[in-house]
Amino acid sequence: MLLDDLKKIFEVIKGMVDAGIIGDFALGGATAANIYVEPFNTKDLDFFIHIVGGAPFLDPLRPIIDYLKPLGYEPDGVEFKIEGQMVQFIPFPDELTEEATRNADLVDLGGFRIPVVSAEYLVAIMLKIHRSKDLVRAKMFWDQKAVDTDSLMVLISRYGLEEQWQRVMHL
Amino acid sequence: MAKSNASLTKTDYPDLSDMFAEKEQSRLERAKESPRNKLIALGQIQELSRILKSAKIVKKGVVGRD
């Protein structure tokens, strides 16, 4: 049942692309991480998105709300309930996330393909956010050899994440 | 540039700190759910994990070196 829900969610997102509401998008966050490492408990479906044409600074989800509401998908806090699943749309908060979305992996999820933020960019984003749980998860990627070291080091250097990386290495 | 009414461009990133704080709050609320609701959620999590573990990367993204 959940796979059908995911397909439907993906169709809704594709609909937003076709309607010119959003451009690049990719699955990110903890659910994306579960594709690359041993799973940890999460059912958060977080999609990084580029809102075509922009949005009011104080109401960054307005174009999404205006598109989804008539389809019966009401916002619930900062998420939307789509096919029984809570989905969050996150406009790019920074250059790293934008680059991560642009360079996403293409992943087959049981017969449909979806862009997913790659392991290296996920770790870089974890380092940038650097809550305790993010650093622990970054260590999981390292310990489970789920990242390409050279690519990760490029990102750590480019985004000035060396200090956070040292904290991960000492976990 | 005053940001209050400014339209976003691709290089003008929004401040999402309120959004992330609200998400964190909803996580805390979830932690207070009844054991029954937590069991239901756990079932969904396990189903999602099963789907994700069978995922196949068909095209690897590259790390931009610009």
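**Reading a two-chain model**

Modeller: Chain A holds eight helices and seven strands. Keep in mind that this is a predicted model.

Colleague: How does the radius of gyration of chain A stand against the globule rule?

Modeller: The rule gives a value for a given number of residues. For the 171 residues of chain A that value is 16 Å, and the radius of gyration of chain A is 16 Å, close to it, so chain A is as compact as a globular protein of that length. Along the principal axes, the C-alpha atoms of chain A fill a box of roughly 50 × 35 × 25 Å.

Colleague: What share of the residues of chain A count as buried?

Modeller: Burial is a count of neighbours: a residue is buried if 20 or more other C-beta atoms lie within 10 Å of its own. In chain A, 41% of the 171 residues pass that test.

Colleague: And what share of chain B, with its 66 residues, counts as buried?

Modeller: For chain B the figure is 8%. Chain B has two helices and one strand. From the N terminus, the order is α-α-β.

Colleague: Back to chain A. What share of its contacts with a separation of 6 or more comes from residues 24 or more positions apart?

Modeller: That share is 65%.

Colleague: Which strand of chain B does β6(A) pair with?

Modeller: Strands count as paired when at least two bridges link them. β6(A) pairs with β1 of chain B, residues 56-59, in the antiparallel sense over three bridges. Look at A:L106: B:K59 in β1(B) stands opposite.

Colleague: Which strand of chain A pairs with β6(A) over five bridges?

Modeller: That is β7, residues 112-116, again in the antiparallel sense. In β7(A), the bridge partner of A:L106 is A:P115.

Colleague: What do β6(A) and β7(A) form, and how many residues lie between them?

Modeller: They form a hairpin, with two residues between the strands. In the turn, look for A:G110, which has a positive phi of about 60°.

Definitions and conventions:
Residues are numbered from 1 along each chain as its sequence is written. Chains are lettered from A and ligands numbered from 1 in the order in which they are written. This is a predicted model: local features need pLDDT of at least 70, side-chain atom pairs count only at pLDDT 80 or more; totals for chains, interfaces and linings use all residues. Helices (H or I, at least four residues) and strands (E, at least two) are DSSP runs, numbered from the N terminus. The radius of gyration is taken over C-alpha atoms; the globule rule is 2.2 Å times the number of residues to the power 0.38. A residue is buried if 20 or more other C-beta atoms lie within 10 Å of its own, exposed if 12 or fewer, and partly exposed in between; C-beta atoms are placed from the backbone. Two residues are in contact if their C-beta atoms, placed from the backbone, lie within 7 Å.
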